[in-house]
Amino acid sequence: MLLAKAITAFSPMLIAALGLPSLTHAAMSECAKDIAIKITGIYENGDTKVHYDYCENLHDGRGFTSGIAGFCTGTGDAWDVLQEYKRLTGSYGDFSSMSDTLRKYASNESSSTRGLGNYCKVWKSLGRSDKNFQRAQDNIRDHLYYGPAEQVSSGLGARLDVTQGQLFDTAIQHGTGGDADGLKALIKDTNKSFRSDQAGNSGSTLNVNGHKVDEIVWLKKFIEVRTDDLKHPKEEENQGGNYWASTTYRTKSYSYIVEQGEYAWKNSVKVLDNDGRPTTVSYTTDAAMCGCAKDIAIMITGIYENGDTDVHYDYCENLDDGRGFTAGIAGFCSGTGDGWMVIEEYKRLTGSYGDFESMASALEKDATDGSDSTSGIENYCSVWEKLGKSDKNFQQAQDNIRDQLYYDPAEQASNTLGARLDVTQGQLFDTAIQHGAGDDADGMQALITNTNESFDSDQSGNSGNTLNVNGHNVDEIVWLKKFIEVRTADLKNPKEKDNQGGNYWAQTTYRTESYSYIIDQKEYMWTGSVKLLDNDGKQTTVSCTSSGSSSTRRRRRRDSNGRPIRIRRMRALSPVVANPKKRRMRPTLPRGSKQEL
């Protein structure tokens with residue numbers, strides 16, 4: 001790496017020292033974070049690939065430089081990666097013979113490579129294929145650079161992805177320490193520039209020295225201050241060779257992003273590459289929802305299922321619906337297989353069934369047989385509620401199985417369709433949760449097929465995205481409206497005999513009515529909040545900040561006789577189920593540059 005990165009995580013004391021208010025900001029979504037990392041990847045590597053296996057000696061006084069953030073043997077962060085790798089795997093692996101030497105060089109900030117002859121060979125080998133080694137690099141990058149940059153952004157009260165991306169890139173290049181060229185110093189120098197209110201059109205206002213400053217106005221000044229520092233670095237070790245001045249393409253690129261008005265990052269962003277040519281950085285080639293949009297989709301379904309947006313990890317009761325105990329965030333049932341899948345996943349995460357151990361055999365049998373029996377598992381709900389309240393691994397197990405059985409199949413169906421709008425993907429997820437993701441006559445796949453059969457010609461619209469349906473160009477919102485119509489008809493007149501009793505499905509059309517309302521409001525893309533209808537038809541708002549774990553018992557919607565409305569889904573296809581009866585499918589310059597150190 002060209003720059004001496006002082007590696008110090010930002011603490012609340014440091015935030016206070018910067019004169020920044022302690023505010024809650026809009027954390028970057030996974031999409032935006034991925035884009036920020038890829039943009040910095042262009043500046044560091046000349047491309048957007050993730051170079052976990054990069055390793056070489058740049059002869060810059062920092063020993064070997066390696067991995068996704070230029071971790072160095074002589075600055076301590078490479079050793080941090082190996083420590084994290086040991087935490088994840090239990091050993092240093094092929095680095096074991098070098099561990100004492102690496103610890104010594106990190107402690108002494110030594111540029112020596114004596115005794116590290118196989119270092120790059122081992123790093124490259126693990127970087128190519130070892131998922132734990134890749135994860136260790138991700139974790140340390142986030143801990144040392146992304147996390148501190150996000151914390152500073154939060155302290156500023158910044159709301160825009162472009163600001164947070166710029167601060168992350170600064171952290172990677174300048175470091176997050178307290179030296180004169182570091183992120184902390186650049187923010188202080190920027191803040192000194194504001195002695196009065198500064199209006200703008202970004203939609204976000206920062207409190208700087210008691211003055212109201214538009215966020216983009218602040219960011220432009222920060223980029224100006226950083227550019228000046230690159231041309232005239234203050235630290236002596238950063239002044240040689242004109243290397244810093246040759247990296248101003250980083251700030252020019254971000255100025256270009258600002259000029260394009262690319263403030264909030266969804267799926268792609270236009271930037272300048274290191275030669276000043278416009279290029280596009282994308283989150284992904286498919287239609288994956290960003291973190292915020294996914295949270296909103298889950299909370300919307302939570303309203304339909306629970307009457308609120310809380311995350312009911314600890315919910316558990318016997319609804320007497322032929323499925324045994326129903327529990328957790330997606331109504332996992334002991335008699336349909338998915339409850340057992342959660343417990344199996346919990347064992348995978350922790351190494352044991354924990355307090356479910358004494359019931360494990362009975363639970364596996366009930367899942368295999370599709371039995372609604374609660375014999376031998378009488379303490380099931382007390383254990384589920386206990387772990388659901390406080391055990392993070394048990395909560396993670398529920399998240400994982402919900403995604404595996406419902407969210408991921410819905411996302412895959414969305415990708416197959418070519419859908420790009422969050423409202424479409426949210427509707428498919430809600431359908432998967434209620435109808436199941438299987439191929440039965442009332443399932444999500446059948447509803448998609450029935451919808452597609454409705455189109456025998458092109459159908460235009462104004463959604464901005466077109467689907468290819470049976471060889472016809474169909475506007476995505478036109479398709480979605482037809483899908484909701486088909487689903488509503490199915491709720492009123494379900495085809496599967498299991499779903500026809502008690503008129504229960506017909507009483508849940510508030511789900512499709514709510515999504516129709518979202519469409520009418522033109523809430524197609526979800527970046528912060530969405531207006532919808534609750535189960536009583538009243539307008540409400542769901543936002544990324546409105547969820548939270550809850551120990552409140554689940555408030556399931558009930559019929560006129562006070563009985564819970566049973567959301568009948570097909571049985572989960574658990575690995576233990578052979579013949580399921582009621583399946584519910586659920587640096588710097590680009591490396592290699594002649595100008596690089």
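In what order do the three strands of the open sheet sit, and is the pairing parallel or antiparallel? The order is 1-2-3 and the pairing is antiparallel. Keep in mind that this is a predicted model, where local features need pLDDT of at least 70, side-chain atom pairs count only at pLDDT 80 or more, and totals for chains, interfaces and linings use all residues. Residues are numbered from 1 along each chain as its sequence is written, and side-chain values use heavy atoms, with hydrogens and water left out.

**The sheet**
- Helices (H or I, at least four residues) and strands (E, at least two) are DSSP runs, numbered from the N terminus.
- Strand 1 (55-57) and strand 3 (71-72) are at the edges with a single partner strand each, so one side of each has no neighbour in the sheet.
- Strand 1 is joined to strand 2 (residues 64-66) by three bridges, and the two run antiparallel; strands pair if DSSP finds at least two bridges between them.
- Asn57 has Phe64 of strand 2 as its bridge partner.

**Helix 16 against helix 19**
- Helix 16 (residues 422-435) and helix 19 (residues 510-520) have axes that come within 11 Å and cross at roughly 175 degrees; axes are lines fitted to C-alpha atoms over the stretch in contact, with angles from 0 to 180 degrees between N-to-C directions.
- That makes the two helices roughly antiparallel, a label used for angles over 145 degrees.
- Helix 16 makes the contact (heavy atoms within 4.5 Å) through Val423, Gly426, Gln427, Asp430, Ile433 and Gln434, while helix 19 uses Arg511, Thr512, Tyr515, Ile518 and Ile519.

**The nonpolar cores**
- A nonpolar core is a set of buried Ala, Val, Leu, Ile, Met, Phe, Trp, Tyr and Cys residues joined through side-chain atoms within 4.5 Å, and buried means under 20% relative accessible area (1.4 Å probe, protein chains only).
- The largest core has 71 residues, and those touching the most other members are Ile300, Phe356, Tyr380, Trp384, Val423, Trp479 and Trp526.
- Helix 15 (residues 392-417) gives the most to this core, at nine residues.
- Beyond its neighbours within four places in sequence, Tyr380 has contacts including Cys316, Phe325, Phe356 and Leu363.
- There's also a second, separate core of 65 residues, with Phe133, Ile172, Leu183 and Trp218 among them.

**Phe394**
- Phe394 sits in helix 15 and is buried, with a relative accessible area of 0%.
- Setting aside neighbours within four places in sequence, Phe394 is in contact with Val342, Tyr346, Phe356, Trp384, Leu387 and Gly388.
- Glu345 is 49 residues from Phe394 in sequence, yet 8.4 Å away in space, C-alpha to C-alpha.

Terms used. Angles under 35 degrees count as roughly parallel, over 145 as roughly antiparallel, 65 to 115 as roughly perpendicular and the rest as oblique. Buried means under 20% relative accessible area, exposed over 50%, partly exposed in between (1.4 Å probe, protein chains only).
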